[in-house]
Amino acid sequence: MRQRRKYRFSIRKKLVVGISAVTIVTYGTSAFFIFVVADWLPETWGISRDMFLLLTLLLGWLWSGILAYVSAPLITKPLKRLEASAQKAAEGDIQEGVEVSSSDDEIRELGLAYNKMLENLRTMVDDIDHNFKETSQKVAEITESTEEASNHADHVSSTVTEIASGAEQSAVAIQSTAEAIEDVTRIASEVQMKANHSTSSVTDMVHTLDKSKHIIQSLVD
């Protein structure tokens, strides 16, 4: 818990001193009029003593108000400066702090705390602006990387399309090759069948020649 600070001339002391001074002046003046002037002025003015006392009290009240009005700026002036600075801060202008009073009291402490608050706000705004600039730069870099990746994707898509087209042509060529191999296989089968037929004919011819050989041999014998 923060310990309460003690001031050399706090507002409470100022109020006590001010009210005491006003009281001394008011009651001293009233006493002077009542106990000194009252003995000879009523006869000169032709008014009663009670009326003079009443006028003296009214003048004392009026004098107290005048003294209070004159001394009030000692407290209200720093507060007005603080109010004006707070109004500027509320409108967004936090570059200028408030003028701090020279008296060691709560108002001076309030002004110092207010200036410290503005300093912290300026630091926060600078940090936010710095982070915003860094974020904008990162977003620009990400956008550039995204565009580059999109271009690469388009290139890959074009390459895949070309590969697909080549694969289709390869499939057609393979199909043609398969059909050609099938034709070659069929022709080879026909050649084999004819070769087998020729072999059978040659065998029959050899057998016939051998038989003719035996017949000729028999005739020779």
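The model is a predicted one, in which local features need pLDDT of at least 70 and side-chain atom pairs count only at pLDDT 80 or more, whereas totals for chains, interfaces and linings use all residues. Residues are numbered from 1 along each chain as its sequence is written, and side-chain values use heavy atoms, with hydrogens and water left out.

The secondary structure of the protein chain consists of 5 helices and 0 strands, where helices (H or I, at least four residues) and strands (E, at least two) are DSSP runs numbered from the N terminus. Along the sequence this gives the pattern α-α-α-α-α. Of the 221 residues, 13% count as buried; buried means under 20% relative accessible area, exposed over 50%, and partly exposed in between, with a 1.4 Å probe and protein chains only. Among the contacts (heavy atoms within 4.5 Å) with a separation of 6 or more, 55% are accounted for by residues 24 or more positions apart.

Helix α1 covers residues 11–35, that is 25 residues. From its first C-alpha to its last it reaches 35 Å, close to the 36 Å expected at 1.5 Å a residue; the expected span is 1.5 Å times one less than the number of residues. The buried residues in α1 are Lys-14, Val-22, Thr-26, Ser-30 and Ile-34, and the buried residues of this helix pack against α3 (49–71). Val-22 illustrates the arrangement: this residue of α1 is buried because its relative accessible area is 15%. Neighbours within four places in sequence aside, Val-22 is in contact with Ser-64 and Leu-67. The C-alpha atoms of Val-22 and Gly-60 are separated by 9.8 Å, although the two residues are 38 apart along the chain.

In soluble globular proteins, nonpolar side chains tend to be buried together. The largest nonpolar core here has 5 residues, namely Leu-82, Ile-94, Val-98, Tyr-114 and Leu-118; such a core is a set of buried Ala, Val, Leu, Ile, Met, Phe, Trp, Tyr and Cys residues joined through side-chain atoms within 4.5 Å. Leu-82 touches Val-98, Leu-110 and Tyr-114, not counting residues up to four places away in sequence. Ser-85, placed in helix α4, counts as buried because its relative accessibility is 8%. With the same exclusion of neighbours within four places, Ser-85 is in contact with Glu-96, Gly-97, Val-98, Tyr-114 and Leu-118. Asn-115, found in helix α5, is buried because its relative accessibility is 19%. Beyond four places in sequence, Asn-115 is in contact with Gly-97, Val-98 and Val-100.

The model contains 1 cavity of 30 Å³ or more. A cavity is a set of points, on a 1 Å grid over the protein atoms alone, where a 1.4 Å probe fits but cannot get out, and lining residues have an atom within 4 Å of a point. Grid points are joined across faces, edges and corners, and the volume is the space filled by probe spheres set on the points. The largest cavity holds about 50 Å³ of space. Its lining comprises Pro-78, Arg-81, Leu-82, Val-98, Glu-99, Val-100, Ser-101, Ile-107, Arg-108 and Gly-111. These divide into 5 nonpolar, 2 polar and 3 charged residues, where Ala, Val, Leu, Ile, Met, Phe, Trp, Tyr, Cys and Pro count as nonpolar, Asp, Glu, Lys and Arg as charged, and the others, Gly among them, as polar.

Methods
On a 1 Å grid over the protein atoms alone, a cavity is a set of points where a 1.4 Å probe fits but cannot get out, and a pocket is an open set with protein on both sides within 12 Å along at least five of seven lines; lining residues have an atom within 4 Å of a point.
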